[in-house]
Amino acid sequence: MSIRPKLSRRAQAIPASPIRKLVPYALAAKKRGVHVYHLNIGQPDLPTIPAGLTALREFKPEVIKYGLSQGDHALTDALIKYYSSLGYKFEPEQIVVTTGGSEAISFAMMAIADEGDEFIIPEPFYTNYNGFAITSGVRLVPITTTPETGYSCPSAEQVSEKITDRTRGIIINSPGNPTGAVYSREDMERIAALAQEHNLYVISDEVYREFTFDGVRAVSILDIEGMEERAVVIDSISKRYSACGARIGCVMSRNGNLMEAVLRYAQARLCPPALGQVVAAAAYNDESDYIEESRLEYQRRRDVVFNRLQGLDGVVCKKPKGAFYCLAKIPVDDVESFCKWMLTDYQREGSTVMTAPGPGFYATPGLGGEEIRIAYVLGCEQLEAAMDCLIDGIKAYNNR
Ligand SMILES: Cc1ncc(COP(=O)(O)O)c(C=O)c1O
């Protein structure tokens, strides 16, 4: 009998995506003829920005070549223009285009931290940060935030308590996935002041920047003075332009030393996707109301989800201020089992709903067992029907 060769410790540690692990049950439900409303994944249903699609159709290369490691000029120029329209001046060498925001986060982590170094991060957080941390060999040190406060930004004391001699930075994501929380200027200033006091970086994941509601505006780490050497911005076209599959993001910083290191990582993987960059350049150059219309649509959907949850017995959920997620505490004993049961055992008039169980968004074991994340990536009418299923499903699960 042959002995199986071993896997790395890293490979054994990398978690299955909590967002995707229920997929086999969803597929089985569909096979049985049950319609599944997918509120489990941050894949917007909105059509990709038309300018991006047109550019892709018109792209007729004879050879799809390697491009520049830092991203092709057409895209970096478009990024500089977009950031300038927001009031931020960037030079080309302060930007490296990446394969999605995902690679941008990995590059930032690897450029900043050595094996065993730490990043402080408010939890719940975007679950794939776990995977990026494991592949980069760094440790995420969570600060727990709660549904009762709308997952508000941690206090200076909460952050200070977690700082050790291995801490290299603080990771923030506002507007936030999965929380929908948007940090205020005071919050950003507090985080920045701590970074300055303790000589840390701030990795600010701003991929949902424009998606804020009720007049709230997202404050960028770029708005905070004195952060030139410490602020690292993560961006992506995935959500802003509904172009997740184009796989284009970027990492940006005014710290030249850091960006040189990021560029070396970028060179080691040659270049970002050529086709995606064509879409991204056209998207960033676009001057239509696409982003504003998307924002208004998400605000309408947020209202549907929040209004349906509000006032339900045992549900805790503050009104999300941004992104396109709602993380809610619901009255079930175990959300993992509930989310699975909704796919294996439940249907209402031939339909069910898939949501993401909370624990995958926490680094602290045992947390999130009462929360589910609802991604409002369906139109209002479908969302109403999905919420009917969800609310009825909670009752049916508890009465089973
Ligand atoms: C907060 C946040 N950051 C980064 C990403 C990664 O996106 P992408 O790699 O598609 O740009 C996501 C995707 O859901 C996200 O929610």
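In the predicted model, the secondary structure of the chain amounts to 13 helices and twelve strands. The radius of gyration of the chain is 21 Å, close to the 21 Å that the globule rule gives for 400 residues, so the chain is as compact as a globular protein of that length. Along its principal axes, the C-alpha trace spans about 65 × 60 × 55 Å. Of the 400 residues, 48% count as buried, and among the contacts that link residues at least 6 apart in sequence, 75% join residues at least 24 apart.

The packing of one pair of helices was examined in further detail. Two packed helices are described by the angle between their axes and by the distance between those axes. For helix 5, which comprises residues 100–112, and helix 9, which comprises residues 256–268, the angle is about 120° and the axes lie 9 Å apart. Because angles of 65 to 115 degrees count as roughly perpendicular and those over 145 as roughly antiparallel, helix 5 and helix 9 are classed as oblique to each other. The crossing of helix 5 and helix 9 is right-handed.

On the side of helix 5, the contact is made by Phe107, Met110 and Ala111, whereas helix 9 contributes Leu258, Ala261, Val262, Tyr265 and Ala266.

Technical notes:
Residues numbered from 1 in each chain as written. Predicted model: local features only at pLDDT ≥ 70, side-chain atom pairs only at ≥ 80, totals over all residues. Axes fitted to C-alpha atoms, helices over the stretch in contact; angles between N-to-C directions. Helix = DSSP H or I, 4+ residues; strand = E, 2+ residues; numbered from the N terminus. Parallel < 35°, antiparallel > 145°, perpendicular 65-115°, else oblique. Left-handed = near helix turned anticlockwise from the far one by under 90°. Contact = placed C-beta atoms within 7 Å. Rg over C-alpha atoms; globule rule 2.2 N^0.38 Å. Buried ≥ 20, exposed ≤ 12 C-beta atoms within 10 Å, placed from the backbone.
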